[in-house]
Amino acid sequence: MAMASTSLASQLSGPKSATSYCPQFSGLRRSSSKLENSLSLSSTQSFFQIVDSHLRLSSSRRGSRGVVTMAGSGKFFVGGNWKCNGTKDSISKLVLDLNSAKLETDVDVIVAPPFVYIEQVKNSLTDRIDIAAQNSWTGKGGAFTGEISVEQLKDIGCKWVILGHSERRHVIGEDDQFIGKKAAYALSQDLGVIACIGELLQEREAGKTFDVCFQQMKAFADAVPSWDNVVIAYEPVWAIGTGKVATPEQAQEVHVAVRDWLKKNVSADVASKTRIIYGGSVNGGNCAELAKQEDIDGFLVGGASLKGPEFATIINSVTSKKVAA
């Protein structure tokens, strides 16, 4: 894994390895103008030394202020992907726990129940939490057995859909272009998209993390009409449901690279506004440290989202986003 980290750092720096961004912290992310102001660093200084120095700089300042809102919606984003889990009874209990939880206000929160329970959840869950679907079709409904259309999802109150999740990619066999087509149609019908990207373990170990993530990003970029209603979820496949979690530095490294890809390939404005959230064995114990990272704008949570109190802890980790004044 150490070898992979070295490879990732060298990919980020590119051919000019002696130069790296040294951003000032300002709320949930640096401004696009600050992205452009890189400082010259010693060629012997590693990427993770840079990250560590940034963290120390942030913690050493005196005083603190509330979460600085982002351009765009201005909110941390936490999603709960319930996957193929639950019964009517267990979901009723989970909804009760969520309804009674005290949640921070500076967070957009969604849950994605199994399709058959969406209406049950919609009718009983607090309006504080929006409903998402776990999949949608590439166009209008029709003779597509087993599929569900965007129009049907909107009809029952869904505001978001999760697309490109690794289980859809690697278990069901959906490719980048097919996922991009789904995203384009959902957005064209005003349904928000949580666009998932992430590498397999062997891809990380081979130093291909950025290649894989950028290819997946390009498929979205080539298809979507706008990024206004898109949240990117970086989920390293090797960390999903395994109990393994990327270190805060590993996650931050990829988030920075994805944001830089957006800046170079879409626009600086989109790079600044688009929320990039992390997923992969996020839980109540590790969420606070992950949330402190500058470019981690929230979480997509699997197993821990099935436990109301723990999911509330993850939502409330937005308080870790407070920065030194």
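**Entry 1: a pocket.** I am working from a predicted model. I looked up the second largest pocket, and its volume is about 330 Å³. I found 15 residues in its lining. Lys 83, Cys 84, Gln 134, Asn 135 and Arg 168 lie nearest the centre of this pocket. I then asked which helix gives the largest share of the lining. Helix H7, residues 166-172, does, with three residues. By class I noted six nonpolar, five polar and four charged residues in the pocket lining.

**Entry 2: a cavity.** I looked for cavities of 30 Å³ or more and the count came to one. The largest cavity holds about 40 Å³ of space. I listed its lining: Gly 164, His 165, Ser 166, Arg 169, Cys 196, Ile 197, Gly 198, Gln 216, Glu 235 and Ile 240. H7 and strand E7 (192-197) each supply at least two of the lining residues. The cavity lining divides into three nonpolar, five polar and two charged residues.

**Entry 3: two helices.** I turned to helix H8 (residues 176-188) and helix H10 (residues 209-223). Their axes come within 8 Å and cross at roughly 40°. That angle makes H8 oblique to H10. I recorded the crossing of H8 and H10 as right-handed. Which residues make the contact? From H8 I noted Asp 176, Gln 177, Ile 179, Gly 180, Lys 181, Ala 183 and Ala 184. From H10 I noted Gln 215, Gln 216, Ala 219, Phe 220 and Ala 223. The residues of this contact divide into six nonpolar, four polar and two charged.

Notes
Residues are numbered from 1 along each chain as its sequence is written. This is a predicted model: local features need pLDDT of at least 70, side-chain atom pairs count only at pLDDT 80 or more; totals for chains, interfaces and linings use all residues. Side-chain values use heavy atoms; hydrogens and water are left out. On a 1 Å grid over the protein atoms alone, a cavity is a set of points where a 1.4 Å probe fits but cannot get out, and a pocket is an open set with protein on both sides within 12 Å along at least five of seven lines; lining residues have an atom within 4 Å of a point. Grid points are joined across faces, edges and corners, and a volume is the space filled by probe spheres set on the points. Helices (H or I, at least four residues) and strands (E, at least two) are DSSP runs, numbered from the N terminus. Ala, Val, Leu, Ile, Met, Phe, Trp, Tyr, Cys and Pro count as nonpolar, Asp, Glu, Lys and Arg as charged, and the others, Gly among them, as polar. Axes are lines fitted to C-alpha atoms, for helices over the stretch in contact, and angles run from 0 to 180 degrees between N-to-C directions. Angles under 35 degrees count as roughly parallel, over 145 as roughly antiparallel, 65 to 115 as roughly perpendicular and the rest as oblique. A crossing is left-handed if the near helix is turned anticlockwise from the far one by less than a right angle, and right-handed if clockwise. Contact means heavy atoms within 4.5 Å.
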